[in-house]
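Dear colleague,

I am handing over the structure we spoke about, and you will find it just below.

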Amino acid sequence: MLPKRFAVRHTSKQAGPSPIFPRSKSILSVLVLLILCVIVCCSALFAQSNNSSQKTEGVIQKAIAQFERSPLRTLSLGSGIYMFSGDGGNVVAVADDSSTLLIDSGIESRAAELDAAVFEATHRPITRLINTHSHFDHTGGNALFGSAGVTIIAQRNVKARLSSEQDVPFIDLHDGPYPNQALPSLTYADNLTLEQGSEQLRLAHFGAAHTDGDTIVFLEPANVVILSDIFSEPFYPIIDFTSGGSLQGIIDSIDQVLSASNEQTRYVPGHGPLATRADLQAYRNMLVTIRDRITTLVRSGKTMDQVVAAQPTKDFDAKWGTGYVDGNVFAKMAYASIAGH
Ligand SMILES: [Zn+2]
């Protein structure tokens, strides 16, 4: 059900007032708008009725419900930089005198709302959009922004992922393919530096971590690092190992970030509030401890079920296990990543 739902929604047009879509005053446009509203409402009801028929609520269903209902919040980080949260993964906007650069685009159903919130904060049109990776809660606004002429920028593997169907094991996520206007038009391999006003954005891909197309953005002189889903605060991360992600890759990328930042750095996680260096270090230490425990179990020949039964995350679950994945699901992901299957 989800792949079809996403596939349909990724090709749908967004309605409503938007800074990048000026209002039309023609009667025809109003009629088209009404028809679109009816279609969107019917689609939503259909999707809801499908959801209610499910016996259990999965990780993705819970996350989507949260993304669709949470208020969209705006936090100023100073220097024309804003963080938006609630409509999927965290979004960051960087404004200069004439334009706004956006980092990630939330879920598709709230893209017009995000667009309006960004304009309200920056009063500048969005001209560039960076995707930190390919997941739907970070790329849902791509079709809206891309069809309005916004340049979409990403690590090159993101374009390949969005161009095809994506499946993430253990959390039952199926998505894509995305329409052409939602695909990145500017890609890079390892590093790309952009300027936005007085801010320099260093885009770094330190190898596969959460996925095989992760971008970490270093903002200078603001001293802000956007880690996306390599860092969830305070949740266990999702390891999309069929898209090349791995637990070791996440740890390696965090180590690169820690060595390239300092005590004053502010860290934007993929989900959760703005974080400090101590928060990121605590997260890194939790991952390393669980990695070491599961590695020991794998080397002694334990199966996935036996690893889960050993509860290698138990003492961390109260703090980290209340997000999108609980300790058992994270233990399965970590086992698969470490054991290679
Ligand atoms: Zn993700």
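D104 counts as buried, because 31 C-beta neighbours lie inside 10 Å of it and 20 or more are enough for that label. Please keep in mind here, and in everything that follows, that this is a predicted model. D104 sits in the loop between strand 4 and helix 4, and its phi is positive, at about 75 degrees, although the residue is not a glycine. F170 likewise has a positive phi of about 75 degrees without being a glycine, and its place is in the loop between strand 7 (166–168) and strand 8.

Within the helix, A111, L114, D115, A117, V118 and T122 are buried. These residues cover an arc of only 165 degrees around the axis, and therefore lie on the same side of helix 4. The cover over them includes strand 1 (73–78), strand 2 (81–85), strand 3 (91–95), strand 4 (100–103), strand 5 (126–130) and helix 6 (142–147). Just after the helix comes H123, which takes a positive phi of about 55 degrees.

S99 lies in the loop between strand 3 and strand 4, and with 16 other C-beta atoms within 10 Å it is partly exposed. Leaving aside neighbours within four places in sequence, S99 is in contact with R124, P125 and T127. The C-alpha atoms of S99 and Q196 are separated by 8.4 Å, although these two residues are 97 residues apart along the chain. R161, which is found in helix 7 (residues 156–162), is buried, with 26 other C-beta atoms within 10 Å. Its contacts, again leaving aside neighbours within four places in sequence, are with S134, Q166, G213 and S243. From C-alpha to C-alpha, R161 and H135 are 9.0 Å apart in space, while 26 residues separate them in sequence.

There are also cis peptide bonds to look at. One joins G176 and P177, with omega at about 0 degrees, and P177 belongs to the loop between strand 8 (173–175) and strand 9 (186–188). Another runs from E233 to P234, with omega near -10 degrees; P234 lies in the loop between strand 13 (224–232) and helix 8.

That brings us to helix packing. Two packed helices are described by the angle between their axes and the distance between the axes. The axes of helix 8 (residues 247–259) and helix 9 (residues 277–299) come within 10 Å and cross at roughly 150 degrees. Because an angle over 145 degrees counts as roughly antiparallel, that is how helix 8 is placed relative to helix 9. The crossing in which helix 8 passes helix 9 is left-handed. On the side of helix 8 the contact is made by L247, Q248, I250, I251, I254 and L258, and on the side of helix 9 by L280, Q281, R284, L287, V288 and R291.

Helix 9 also packs with helix 12 (residues 327–339), where the axes come within 10 Å and cross at roughly 60 degrees. These two helices are therefore oblique to each other. Helix 9 passes helix 12 in a right-handed crossing, and the contact is made by I290, R291, I294, T295 and V298 of helix 9 together with A331, A334, Y335, I338 and A339 of helix 12.

Finally, a word on the chain as a whole. The chain has 12 helices and 14 strands, and 43% of its 341 residues count as buried. Among contacts with a separation of 6 or more, 67% are between residues 24 or more positions apart.

Key: Residues are numbered from 1 along each chain as its sequence is written. This is a predicted model: local features need pLDDT of at least 70, side-chain atom pairs count only at pLDDT 80 or more; totals for chains, interfaces and linings use all residues. A residue is buried if 20 or more other C-beta atoms lie within 10 Å of its own, exposed if 12 or fewer, and partly exposed in between; C-beta atoms are placed from the backbone. Helices (H or I, at least four residues) and strands (E, at least two) are DSSP runs, numbered from the N terminus. The arc is that of the directions from the helix axis to the C-beta atoms. Two residues are in contact if their C-beta atoms, placed from the backbone, lie within 7 Å. Axes are lines fitted to C-alpha atoms, for helices over the stretch in contact, and angles run from 0 to 180 degrees between N-to-C directions. Angles under 35 degrees count as roughly parallel, over 145 as roughly antiparallel, 65 to 115 as roughly perpendicular and the rest as oblique. A crossing is left-handed if the near helix is turned anticlockwise from the far one by less than a right angle, and right-handed if clockwise.
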